[in-house]
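Reader: I would like a close look at a single part of this model, the place where its two chains meet. Please take it slowly, and give the cut-offs behind each term as you go.

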Protein chains: 2
Amino acid sequence: MSDSPSANLDRIDLLQCLTSDARAAIARQCSWRHFHPHEQIVDRSSDSRDVCLIVEGRVRVVNYSLSGREITFDDIESGGYLGELSAIDGGSRSASIVALTDTLVAFMSPRLFLETVTNNPTVAAIVMRRLAQIVRTSTGRIMDLSTLGANNRVHAELLRLAKAGLKPDGRSAEITPVPIHSDIASRVSTTRETVARVMSDLARDNIVIRQGNSLIIPDFGRLEEMVEEVRGD
Amino acid sequence: MSDSPSANLDRIDLLQCLTSDARAAIARQCSWRHFHPHEQIVDRSSDSRDVCLIVEGRVRVVNYSLSGREITFDDIESGGYLGELSAIDGGSRSASIVALTDTLVAFMSPRLFLETVTNNPTVAAIVMRRLAQIVRTSTGRIMDLSTLGANNRVHAELLRLAKAGLKPDGRSAEITPVPIHSDIASRVSTTRETVARVMSDLARDNIVIRQGNSLIIPDFGRLEEMVEEVRGD
């Protein structure tokens, strides 16, 4: 077990409902490991079935096409967990997990995970709600991929980022840091070149304005309308 | 409650682990309703949060684009259930549900569903495994939509159907009935015209042969290779 002062599971959302003694007992049964940025935490082709508890850092769930194109599924912050599918159904990994920052992971065996879920209906409810959330996000992405062009998907992703950075007045938004084009491309399944073109069009129309390390959306409603018009939300 | 002789929940997979008394008690608390083919069982925009137990018949999970294009997510046979997302997280419906055949549905309230899940870890495990399966299918579809052209997605869907109709020798496969072009189009997010063109190309190359009400795939391995080549499985 790591000797880092925060090497406990007290901030893992999934385990919040347990007593701190129960969390400490789980912590002792986990295997702990540090990862550097860009280091692979779980290889899609590996046989591991462990659930990954993200104690510190930030990680990305990704898959690669045959040609090497990266398709991003999710970013998970410290306090979250992932890799539960294989623990639940015993199946192979559905994606790879890569560290985005310095990351401390506690690996929980499938046996320990299932035991914890079975003995604690509140933990089971959290696992179900999280899976439901993944299904909803996936359904939205399948709809976007099936019905929107790449341009509109970039607008939709920008809207998603802007929502998180909406100012109190509800009129403008600030995205910090400026999103990396290849990250957007990987999230909406298009090329970096397409993202660059769409962003430059948006900048020309003053829908986005670059300001230092931030991207300002002066009229959030306008971007929202552009997306609603094609998505029909 | 319906007076149909099969109007009980004994064949619902989710509830197999309960005693028949417990199933009967749940059956009495459900609201029961018959649906005709093409009739809508759940409207995406409805406020209902009930879980649908499919006692008889077959149903389809669908969404529609702004232009009216139908995107199919899943077909559920009798014995299955669906609509659990809203019961689990209290959120809105993620899709509509339409009857494909004459269908008998038992609607289970979110309260009753959550109570059953909380009191029966085996039921909770089935719900988690089913959600995990939906996430895996969605991940595969997102990868296909992100990295394959429409032609290759039609090949992949045909392969999926052929796998279910693989002959004992493992060399050839039979798909019965002949799949409807618009059904394939809706499952792989393309147009009916594209499916018709791809199917006619495959027929010309003797990869599929129409025989009465069936589609014969004389060389399953060849179709499998065509898909693997682009998907990298």
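Author: Chain A and chain B bury about 3300 Å² between them, 75% of it on carbon and sulfur atoms, where buried area is the accessible area (1.4 Å probe) that two parts lose on being put together, summed over both. On the side of chain A, the residues that lose the most area to chain B are A:Met128, A:Arg136 and A:Ile142, which together make up 21% of what that side buries. The model is a predicted one, in which local features need pLDDT of at least 70 and side-chain atom pairs count only at pLDDT 80 or more, while totals for chains, interfaces and linings use all residues. Residues are numbered from 1 along each chain as its sequence is written, chains are lettered from A and ligands numbered from 1 in the order in which they are written, and side-chain values use heavy atoms, with hydrogens and water left out.

Counted by contact, meaning heavy atoms within 4.5 Å, 40 residues of chain A meet 40 residues of chain B. Between the two chains there are eight residue pairs in polar contact, with both residues at pLDDT 80 or more; such a contact is a pair of N or O atoms within 3.5 Å, where within protein one must be able to donate a hydrogen and the other to accept it, and residues adjacent in sequence count only if both atoms are side-chain atoms.

The elements that each supply at least two residues to the side of chain A that touches chain B are β4 (58–64), β5 (70–77), α2 (84–89), α3 (110–119), α4 (121–147) and α8 (220–231) of chain A; helices (H or I, at least four residues) and strands (E, at least two) are DSSP runs, numbered from the N terminus. It is α4(A) that gives the most to this side, with 18 residues. Sorted by class, the side has 19 nonpolar, 13 polar and eight charged residues, with Ala, Val, Leu, Ile, Met, Phe, Trp, Tyr, Cys and Pro counted as nonpolar, Asp, Glu, Lys and Arg as charged, and the others, Gly among them, as polar.

Two salt bridges are found across this interface, each requiring a side-chain nitrogen of Lys or Arg within 4 Å of a carboxyl oxygen of Asp or Glu. In one of them the side chains of A:Arg136 and B:Asp89 meet at 2.7 Å, N to O. A salt bridge also links the side chains of A:Asp89 and B:Arg136, at 2.7 Å, N to O. Because A:Asp89 lies in helix α2 of chain A and B:Arg136 in helix α4 (residues 121–147) of chain B, this pair joins two chains.
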